[in-house]
Amino acid sequence: MVNLAERLRTLVTRVVGTELPVAFEAWDGSRAGDSGLPTLRITTPTALRRLLWRPGELGAAQAYILGEIDVVGDLAEVFPAVWRAVRYSGGRPRVRPRHVAAALRLALRYGVLGAPPPAPDPQAVMTGRLHSRDRDRAAVGFHYDLSNDFYRLILDPRMVYSCGYWTGGGGGYGLAEAQYDKLELVCRKLGLRRGTRMLDVGCGWGALAMHAAEHHGAEVTAVTLSLQQYEFAVARAEELGLSDRIDFRLSDYRDLAGARYEAISTIEMGEHVGGNGYPAFAARLWSLLEPGGRLLVQQMSRGADAPGGGAFIESYIAPDMHMRPVGQTVDLLERPGLEVREVQSLREHYVTTVRCWLETLEERWREAVSLVGEPTARVWRLYLIGGALAFEEGRMGVDQILAVRPDTDGRSGMPSTPEWTAVGAR
């Protein structure tokens, strides 16, 4: 007699187009598949009801977040194995009418039909006009105001929440050193020197602003929409004796006025201004630069056939996020009159960075759960595992784009040979 786990396994195989490299275990204790494989455990009939109402990425993620679906084994190994089995099988996962009918029959047989289950509490529900100031503030707060203590748990001591620059491989070289080298690379590309007026748009917890002020003597204005980031950065700058050189502001970049800067950085913030808003964002950056001033944009990208952030990312990590191919971003930056001088891909660097964050999360799992709760900790586990895989496979990228605002005679003031190529040489 075919048990429940075998029925579920058969249905999933038909939907995804290949047999997955996992065994199945159903809520009634039945099992199917090779006992030597990791096990996909469906712990409650609610999981099947959820997937009936919301088939695909978001429904599966919600079920995992709530523990309705779990994995016996290392999810960081199981997730990529399952993804690649489907991707390289030649099958095309698609929920067809016959699959829905089979799932309904299965649900009816085991009594799991009913109303759609509620989404997990960490899901973002955004209201108001897309990329209005209030909505952007809410979107930033949803992600970055989660908990300073939580971010301190998984990030390096400087609280740098962006791709590191991995220049060393010897003993003692780790995440903190890679983030230092990234901050130094940004500062050298911007040509910072003592007294340089610098603007950091989307400054996070202030690491770049403090590095620029402490190690290069820059006079920095730094803006963020996150209250927790702002309070942390102000306190850290005071602790380091840098308050007289850094003006942290809890402000929207659109409200900046009355000053021009010799250098502007925006590190993994441009993803949050939206697809339609990016031309105005680029024009605003141009207007804030002095002629001859440099702009450094570090930004994530996705392929032309998959813009945005994806259902899971936009629901549980970064609402209203939008990514595009790097070439389109270069075009958008050039339109107001910026001259793009260099594009450097850091894609492989992000694989290593994200895996460091994931390793720390797993090592300190109980602390993470105590800070933000298990559903949110599970969100972050999925986010980091999926992110590392997307960067590894090239479905996402991250690039540093260096641009300059030429003067009226077309002069850039840029060196003919980059002076930042030796950053991290050891």
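Reply:
**A close look at helix α8**

Helix α8 covers residues 175-189, 15 residues in total, and reaches 21 Å from its first C-alpha to its last, close to the 21 Å expected at 1.5 Å a residue. That expected span is 1.5 Å times one less than the number of residues. Helices here are DSSP runs of H or I with at least four residues, strands are runs of E with at least two, and both are numbered from the N terminus.

Before going on, please keep in mind that this is a predicted model, where local features need pLDDT of at least 70 and side-chain atom pairs count only at pLDDT 80 or more, while totals for chains, interfaces and linings use all residues. Residues are numbered from 1 along each chain as its sequence is written, and side-chain values use heavy atoms, leaving out hydrogens and water.

Back to the helix: 11 of the 15 residues of α8 are buried, so the helix is largely enclosed by the rest of the structure. Buried means under 20% relative accessible area, exposed means over 50%, and partly exposed lies in between (1.4 Å probe, protein chains only). After α8 comes G191, with a positive phi near 65°.

Now for the rings. Rings of Phe, Tyr and Trp (its six-membered ring) pair if their centres lie within 6.5 Å; planes under 30 degrees apart count as stacked, over 60 as edge-to-face and the rest as tilted. The whole structure holds 17 aromatic pairs. One of them joins F150 and Y151 edge-to-face, at 5.9 Å centre to centre and 75° between the planes. F150 counts as buried because its relative accessibility is 0%, and Y151 is buried at 0% as well.

W380 and Y383 also make an edge-to-face pair, with 5.1 Å between centres and 85° between planes. Both lie in helix α16 (residues 374-392), three residues apart, about one turn of the helix. An α-helix has 3.6 residues a turn, so residues three or four places apart point the same way. W380 and Y383 are both buried.
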